[in-house]
Every structure is written in structure tokens, then in C-alpha cells.
Amino acid sequence: MGIGYRFVAVERARTVEDAARSLGVGRDKIAKTIIAITDRGPLALFLRGIHRVDFEALRKNLGLSFAIMATPEEVERITGYKVGGVPPIIDGVETIVDASLASESGEVFCGGGDEHTLLAIKPRELIEKLRLRVCGFASR
């Protein structure tokens with residue numbers, strides 16, 4: 001019951017624009033993981049690269065009283081990865097998938113560990129096999 005994935009080496013993938021340009025795909029095929037600091041501990045927020053985290057919606061939909069974006073230093077301390085290379089699954093950190101990405105059955109590209117590596121995965125498969133929580137928290 002493994003999850004299908006592959007690593008893709010690219011020239012640069014620090015930003016969504018870098019990743020899309022390096023792969024020659026639209027920005028809608030790029031996903032990102034944002035680390036949030038919350039009153040329940042850190043969360044990995046997995047969403048489409050063209051969207052932003054709506055922290056008010058996140059707090060409301062998850063019943064949180066506090067949620068902010070982690071600083072680059074906090075991201076590295078919590079995940080072991082630098083911003084731009086954070087994968088969607090991190091040991092000891094709950095992953096929440098945005099509803100707009102959850103319906104994606106095709107392959108998307110996301111952080112693969114560093115700014116020169118992307119991870120190609122299918123979000124729907126990731127959600128089903130790892131039983132990840134889905135929540136609407138993104139805006140354009």
C-alpha cells in the first residue's frame with residue numbers, strides 16, 4: 001500500500017514561479033507546504049502554489065484560537081528543511097490539505113527536500129492512503 005512518488009531534479013525551485021519555470025508547467029501544477037504555528041502545535045499546510053493561506057479561515061475551520069505562519073528559522077527548526085524544499089509529510093507534524101488541492105487526482109510537484117529537488121505526487125492518493133485531514137483554508 002505504498003504511495004506513488006518520484007523526485008525531479010530542477011535548476012531552481014525555491015518559489016512557485018521558479019518550480020513552474022524549471023519544469024515548463026503551469027503554476028497550477030505546483031503545490032507548496034506552509035508551516036503554521038498554532039495553539040495545538042505546528043501544522044503542515046499543503047495547498048496549491050497559486051493560493052495563499054487564509055489564517056482566519058484556518059482558525060475558524062479547525063477551531064484554533066491562534067495560527068500564524070512560521071518564520072524561515074522556525075520552519076527549518078521544526079521540519080529540518082529550508083523554505084522552498086519542505087515536503088508535505090513531516091515526521092511529528094500533522095498535515096492539513098486544502099480542499100482545492102484535495103480533489104486533484106493528477107500529479108503535482110511540491111517541495112522535495114531542497115531548492116533543486118521537487119517531489120511529484122498525487123494529492124488524492126496521499127490523502128486516502130495517509131488519511132490526511134482536508135480543510136478549506138486557502139484563498140487566491
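User: In this predicted model, in which sense do β2 and β5 pair, and over how many bridges?
Analyst: The model is predicted. β2 and β5 run antiparallel to each other where they pair. The number of bridges between β2 and β5 is 3.

User: Which residue of β5 is the bridge partner of A36?
Analyst: Look at the pairing of β2 with β5, which is antiparallel. There, A36 has its bridge partner in β5. That partner is M69.

User: What links β2 to β3, and how many residues lie between them?
Analyst: β2 and β3 pair in the antiparallel sense, over 8 bridges. In this pairing A31 stands opposite R48 of β3. The two strands form a hairpin. The number of residues between β2 and β3 is 2.

User: Why do the buried residues of α2 lie on the same side of the helix?
Analyst: Helix α2 covers residues 55–62, and its buried residues are F55, A57, L58 and L62. They share one side of α2 because the arc they cover around the axis is only 155°.

User: Which exposed residues sit on the face of α2 turned away from its buried side?
Analyst: The buried side of α2 holds F55, A57, L58 and L62. Turn to the face directed away from that side. The exposed residues there are E56 and K60.

User: Which strands do the buried residues of α2 pack against?
Analyst: Begin with the hairpin strands, β2 and β3. Both are packing partners of the buried α2 residues.

User: What is found at the start of α2, and which residue follows the helix?
Analyst: At the start, a side-chain oxygen of D54 comes to within 3.1 Å of the backbone nitrogen of E56. After α2 comes a residue with positive phi, near 70°. That residue is G63.

User: Is T117 buried or exposed?
Analyst: T117 belongs to strand β8, residues 117–121. Its relative accessible area is 18%. The cut-off for buried is under 20%. T117 is therefore buried.

User: Which side chain makes a polar contact with the side chain of T117?
Analyst: Leave aside neighbours within four places in sequence, and T117 is in contact with F7, V8, V10, C110, G111 and G112. The polar contact, at 3.0 Å, runs from side chain to side chain. The partner of T117 is D114.

Methods
Residues numbered from 1 in each chain as written. Predicted model: local features only at pLDDT ≥ 70, side-chain atom pairs only at ≥ 80, totals over all residues. Heavy atoms only, no water. Buried < 20%, exposed > 50% of the residue type's maximum accessible area, 1.4 Å probe, protein only. Helix = DSSP H or I, 4+ residues; strand = E, 2+ residues; numbered from the N terminus. Arc of directions from axis to C-beta. Contact = heavy atoms within 4.5 Å. Polar contact = N/O pair within 3.5 Å; in protein donor to acceptor, adjacent residues only side chain to side chain. Pairing = 2+ DSSP bridges.
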